[in-house]
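Here are a few friendly notes to read alongside the model.

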Amino acid sequence: MIYADNGATTINKPDVVIDAMVEAMKRPWGNPSRGGHAFSLDALKVMDNDRMTVADFFGVSAYWNLGFTPNSTVALNIAIKGSLNPGDHVIYSPWEHNSALRPLYQMEELGVELDMIPSSDGSWYMDDLSKLYKSNTKALVINAMSNVTGQKAPIEDVKAFAKEKNLLLILDISQAAGVVPFVFDNSWGNTLVAFTGHKSLYGPRGSGGLIAIGDISMEPVITGGSGIHSFDKRHPTTFPEICEAGTGNLPAVHGLAAAIKWLSSSDNKGHEDYLYALREQFYLGVKDLPGVKVYGGHSREHGSVVALNIKDIPSSKISEILDQRFGIATRPGSHCAPMWHLTNGTKSQGVVRFSFSLFNTKEEIQKCIEAVEILTSEL
């Protein structure tokens with residue numbers, strides 16, 4: 001079986017991730033920040049060390065400004081619902097995943113004004129973004145890398161625009177983390193960064209987080225036990241407590257930290273180049289096949305993703321044949337990115353997404369190419 005659905009989740013994890021999660025379950029680590037005894041204190045030390053590991057990977061010097069969440073969906077809900085108020089205006093991209101869109105739509109019902117950057121083919125441009133700016137614009141919500149095509153947003157331009165206009169930037173790096181290097185230092189201005197651990201960071205499901213940079217003012221979205229200020233009626237608004245109501249998932253956090261250490265090791269130096277080489281090999285192998293349409297263009301900054309359709313055949317049918325006949329796992333359909341599909345006219349057909357990881361090989365990519373070639377000649 002060739003697994004080419006890593007954009008959904010990487011199912012091949014480094015052994016060190018599994019070992020770390022087992023360690024977290026077997027060691028006598030208590031509830032971090034929920035007691036003064038050795039078991040609780042040891043757990044707190046582990047959590048702090050893991051937080052520093054993850055923060056350092058993203059270039060975050062103030063590691064306590066990284067709060068752990070179960071995934072980027074929860075992180076985006078906290079960021080969007082916690083920072084916006086009725087009367088605010090928000091600009092968002094046509095690449096947004098439903099994990100950002102649905103919280104935005106909920107806020108729209110409460111009086112937040114929304115504008116999407118226009119697009120005719122899924123692409124979008126800074127000139128169109130700047131034209132949407134208004135006096136009450138509060139935030140930009142931007143997906144750093146399309147989960148459909150792997151296209152990278154003009155992140156540096158977005159960053160500069162947000163700083164110039166003193167806007168809050170809410171950045172979704174679910175697909176980009178582990179594919180594109182980031183340094184989230186003070187040059188970012190006021191930014192909230194949502195990430196998940198189970199994709200190209202090779203961490204476990206149930207791991208992710210929210211990073212706060214600059215002067216961030218937020219209200220808590222999920223409230224409960226925080227380990228501090230127990231007699232206050234309101235949940236703390238400070239990081240990381242604003243993200244971490246209740247008992248944290250220490251095994252997942254410990255597994256994520258182990259994954260990041262593995263990804264950052266000398267053995268994986270240049271892993272971004274390897275991922276791009278896999279994408280390049282597949283893209284060049286299928287782009288000129290008769291009846292194949294590849295979406296999202298082609299550039300060096302793409303993630304290891306190729307989205308395509310074959311003629312007018314439903315993407316679900318193509319993905320089913322790839323699975324049952326060729327043993328290739330792909331993702332068909334809408335990929336929880338409705339605005340991208342509406343602007344590309346693929347609402348009904350969807351697209352077939354091939355997405356690769358460090359555990360894929362060039363030989364597997366060639367087999368994927370050959371399978372698509374066979375289908376184009378037969379269907």
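This is a predicted model: local features need pLDDT of at least 70, side-chain atom pairs count only at pLDDT 80 or more; totals for chains, interfaces and linings use all residues.

1. If you set the threshold at 30 Å³ or more, the structure holds one cavity. How would you find such a space? Rolling a probe the size of a water molecule over the atoms shows where empty space is left.

2. What kinds of residue line the largest cavity? They divide into nine polar, four nonpolar and one charged.

3. Strand β10 covers residues 305-310 and is joined to β12 by four bridges, the two running antiparallel. Within this pairing, V305 faces S355 of β12.

4. Step back to see the sheet that holds these strands. Three strands form an open sheet in the order β9-β10-β12, paired in the antiparallel sense. β9 (292-295) and β12 (352-355) are the edge strands; each has a single partner, so one side of each has no neighbour in the sheet. From one strand to the next, the twist averages 30°.

5. Which helices pack against this sheet? Helix α8 (residues 271-286) touches β9, β10 and β12, and its direction makes about 20° with that of β10. Helix α11 (residues 362-378) also lies across β9, β10 and β12, at about 15° to β10.

6. Next, look at β8: is it buried or exposed? Six of its six residues are buried, so β8 is largely enclosed by the rest of the structure. In a regular strand the side chains alternate between the two faces of the sheet. On one side of β8 you will find G208, L210 and A212, and on the other G209, I211 and I213, all of them buried.

7. Strand β2 (residues 66-69) runs antiparallel to β8 and is joined to it by four bridges, with F68 opposite G209. Strand β7 (residues 191-196) pairs with β8 over six bridges, again antiparallel, and here L192 has A212 as its bridge partner.

8. Finally, find G246 in the loop between β8 (208-213) and α7 (250-264). Its relative accessible area is 28%, so G246 counts as partly exposed, the range between 20% and 50%. Leaving aside residues up to four places away in sequence, G246 touches R34 and G225. G225 is 21 residues away along the chain, yet the C-alpha atoms of G246 and G225 are separated by 4.9 Å.

Note on methods: Residues are numbered from 1 along each chain as its sequence is written. Side-chain values use heavy atoms; hydrogens and water are left out. Two strands pair if DSSP finds at least two bridges between them. Axes are lines fitted to C-alpha atoms, for helices over the stretch in contact, and angles run from 0 to 180 degrees between N-to-C directions. Contact means heavy atoms within 4.5 Å. Buried means under 20% relative accessible area, exposed over 50%, partly exposed in between (1.4 Å probe, protein chains only). On a 1 Å grid over the protein atoms alone, a cavity is a set of points where a 1.4 Å probe fits but cannot get out, and a pocket is an open set with protein on both sides within 12 Å along at least five of seven lines; lining residues have an atom within 4 Å of a point. Grid points are joined across faces, edges and corners, and a volume is the space filled by probe spheres set on the points. Ala, Val, Leu, Ile, Met, Phe, Trp, Tyr, Cys and Pro count as nonpolar, Asp, Glu, Lys and Arg as charged, and the others, Gly among them, as polar.
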